[in-house]
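This report looks at one protein model, beginning with the surroundings of its ligand and then turning to a helix pair and the overall dimensions.

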Amino acid sequence: MAITFEHVGYTYQANTPLATPALTDVSFTVPDHGYLAIIGHTGSGKSTLIQQLNALLKPTTGQLTVDQFTVTPTTTNADLKPLRRHVGMVFQFPESQLFAETIRQDIAFGPQNFGLDPDKALKLADEMLALVGLDASYAQRSPFELSGGQMRRVAIAGVLAMHPKVLVLDEPTAGLDPQGRQEMMSLFERLHREQGLTIVLVTHQMEDVAQYAEQVAVMQHGTLLRVGTPQEIFSDVAWLRTADLDLPRAAQFAQKLAQRGVNWPQGLPLTADDLAAQLAAQWSTKGVDHV
Ligand SMILES: Nc1ncnc2c1ncn2[C@@H]1O[C@H](COP(=O)(O)OP(=O)(O)OP(=O)(O)O)[C@@H](O)[C@H]1O
């Protein structure tokens, strides 16, 4: 297993009068090279949960393992450096952290800080630039001349330059236009497929969950309500309603068709492509009049 949470609890300002419990008894596993989406309302504990993954926040009870690393309430900061290289964190609006004069210097900063020779770090920066889909002409430009989506790519290249095995993404498409959103999600899919990165994605975009995630964790009031495949989570429409969560748009449409008598023998379609494929299959077997 790449990631295992075992009865993890976290309380902000623990043992003070201001103590705020934010996670309670969270247990789940993510397989090697998995793709987990974490969903849930504001304040449900998603950010607190992902910050456990590189021990920015350490559990106040329970423990977690990320590949070869184990974090418990008593793990000391000195032990955490290798974990922090292993888990790349992309926080919301990561472009706000860009600072260097050129894009390549910005990307090279992290590896250099961890002791890599400056020339090698710059060469690595060029490779990472290509990996996030920006050509070599960007290397010497200022990061501040770029569009929002491109700046975000540069910030992500800086995280990837540390060669993480787990990539944690906190609403990585927030504020992007539909095309930028699609390109960003395709980038993560490519990193997952081609580089074998384990992805942990916090999102409010149910379409992205349906299209990309292999596993979904639903958080509510600091507890893990359910974990399952997108099909398992989104097919239980009555339960979703009680949890006050939305279906992906294609599934909402399919659900309306189901209420008018259309059957979905392969399961409720969750994406537009799946909806189109299932409708086309029914069309060809039953003929136009019956669809
Ligand atoms: N620094 C903090 N100090 C005290 N309480 C906090 C702190 N950060 C978060 N909390 C509380 O912990 C709980 C979980 O918050 P968290 O930010 O993890 O939720 P979230 O699901 O990520 O929300 P969002 O979708 O708004 O980012 C909330 O009750 C929140 O008010």
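## Ligand surroundings

Around the ligand lie Y12, T20, A22, G40, T42, G43, S44, G45, K46, S47 and T48, a residue being counted when its C-beta atom, placed from the backbone, lies within 6 Å. This is a predicted model, in which local features need pLDDT of at least 70 and side-chain atom pairs count only at pLDDT 80 or more, while totals for chains, interfaces and linings use all residues. Residues are numbered from 1 along each chain as its sequence is written.

Two or more residues of this shell come from each of β2 (20-30) and α1 (46-51), and α1 gives the most, with 3 residues. By class, the shell has 2 nonpolar, 8 polar and 1 charged residues, with Gly counted as polar.

## Helices α3 and α4

Helix α3 (residues 103-113) packs against helix α4 (residues 118-131) at an angle of about 120°, with their axes 8 Å apart.

The contact (C-beta atoms, placed from the backbone, within 7 Å) involves I103, R104, I107, A108, P111 and Q112 of α3, and P118, A121, L122, L124, A125, D126, M128 and L129 of α4. By class, this contact has 11 nonpolar, 1 polar and 2 charged residues.

## Overall dimensions

The protein has 11 helices and 10 strands, which are DSSP runs of at least four residues (H or I) and at least two (E), respectively. Along its principal axes, the C-alpha trace spans about 70 × 55 × 30 Å.

Technical notes: Axes fitted to C-alpha atoms, helices over the stretch in contact; angles between N-to-C directions. Contact = placed C-beta atoms within 7 Å.
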